[in-house]
Amino acid sequence: FLTAVALAMVIWGSASSLPWAASIAGVVAFLVFLSWATYYLLGTDALRRWLAETWRLLLMVMPWLIPAILLIGLIAAHIDVKWVYRLVGNNSPASIAFATLFGTVTYFPMLAEVALVRAFLRLGMATGPALAILLTGAGLSLPGAIPLARVIGAKKVLFYMAATAALAFLTSLAFAAVAGQYICPCMLEG
C-alpha cells in the first residue's frame, strides 16, 4: 500500500501536463498522506528507524549525486549536437550497441545516469540508446567489475556483464521499435 502511494506521488510529480503549482501541491499532499499512513501502519519506533535510515542514505548519496549532475550539465552544454546525433541519434542496432557499450564500461554515481540521459535526449539521442544507457549504467560498470572479479571470479563477472548487456541491447531494440523517435519539447520551442 505504501509503495503504491509513493509510486502515485512520483507519477503525479513528474506529470508534465500539470501546472507547476498543482504538481507541488499534489506531491505535498501525497507526502502528508504517506507520512500519516506510515505512522499509522508502522508505529512510532519503526517510523523513527525508517527516518534515521533514510537520512543516513541521503547523506551517503547527495555528496556524490549533486556534483555528478552539475558535471553532467557542464559537459552536456559543451557537446556538439551533431556528434551526439551521429552516434546515437537514431534507433539503429549500431546506435543501441554503442549506447549499451558506453553504459557498460562507464561508471555513473547513483541516479546520475538519469540526468545524463535526459541531457543527451535534449541533444538528439534516440529512445533505444537512451534506454540502453539507463539499463546498463545502473547495473554494470567496468570499474565496479574489476574488484568484483577478485571476489567471485572473472568468468562469473564476464558472464554477468555479457548477459546484462545482451538483454539491455535486446530490450532497447524492442522498446525503440515500439516507442519510436523521441522529440524533446525543448526542440519545439522557438
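Of the 190 residues of the chain, 31% count as buried, where buried means under 20% relative accessible area, exposed means over 50%, and partly exposed lies in between (1.4 Å probe, protein chains only). The model is predicted: local features need pLDDT of at least 70, side-chain atom pairs count only at pLDDT 80 or more, and totals for chains, interfaces and linings use all residues. Residues are numbered from 1 along each chain as its sequence is written, and side-chain values use heavy atoms, with hydrogens and water left out.

**Confidence**

The mean pLDDT of the chain is 82, and 92% of the residues score at least 70; pLDDT is the predictor's confidence in each residue, from 0 to 100. Confidence is highest in helix α9, at 91, and lowest in helix α10 (residues 185–188), at a mean of 61. Where pLDDT is low, the predicted coordinates should not be read in detail.

**Overall build**

The chain has 10 helices and zero strands. Helices (H or I, at least four residues) and strands (E, at least two) are DSSP runs, numbered from the N terminus. Taken along the principal axes, the C-alpha atoms fill a box of roughly 55 × 50 × 30 Å. Among contacts between residues at least 6 apart in sequence, 75% join residues at least 24 apart; contact means heavy atoms within 4.5 Å.

**Helices α5 and α9**

Helix α5 (residues 93–105) and helix α9 (residues 154–179) have axes that come within 10 Å and cross at roughly 140°. Axes are lines fitted to C-alpha atoms, for helices over the stretch in contact, and angles run from 0 to 180 degrees between N-to-C directions. The two helices are therefore oblique to each other, since angles under 35 degrees count as roughly parallel, over 145 as roughly antiparallel, 65 to 115 as roughly perpendicular and the rest as oblique.

On the α5 side, P93, I96, A97, T100 and T104 meet M161, A165, F169, S172, L173 and A176 of α9. These residues divide into eight nonpolar, three polar and no charged. Here Ala, Val, Leu, Ile, Met, Phe, Trp, Tyr, Cys and Pro count as nonpolar, Asp, Glu, Lys and Arg as charged, and the others, Gly among them, as polar.

**Helix α6**

In helix α6 (residues 112–122), the buried residues are A112, E113, L116, V117, A119, F120 and L121. After α6 comes G124, with a positive phi near 110°.

T3 belongs to helix α1 (residues 2–14), and S23 to helix α2 (residues 20–42). Their accessibilities are as follows.

| Residue | Relative accessibility | Class |
|---|---|---|
| T3 | 65% | exposed |
| S23 | 11% | buried |

Leaving aside residues up to four places away in sequence, S23 touches W12 and G13. S23 and I11 lie 12 residues apart in sequence, with 9.9 Å from C-alpha to C-alpha. For T3 and F30, 27 residues apart along the chain, the C-alpha separation is 12 Å.
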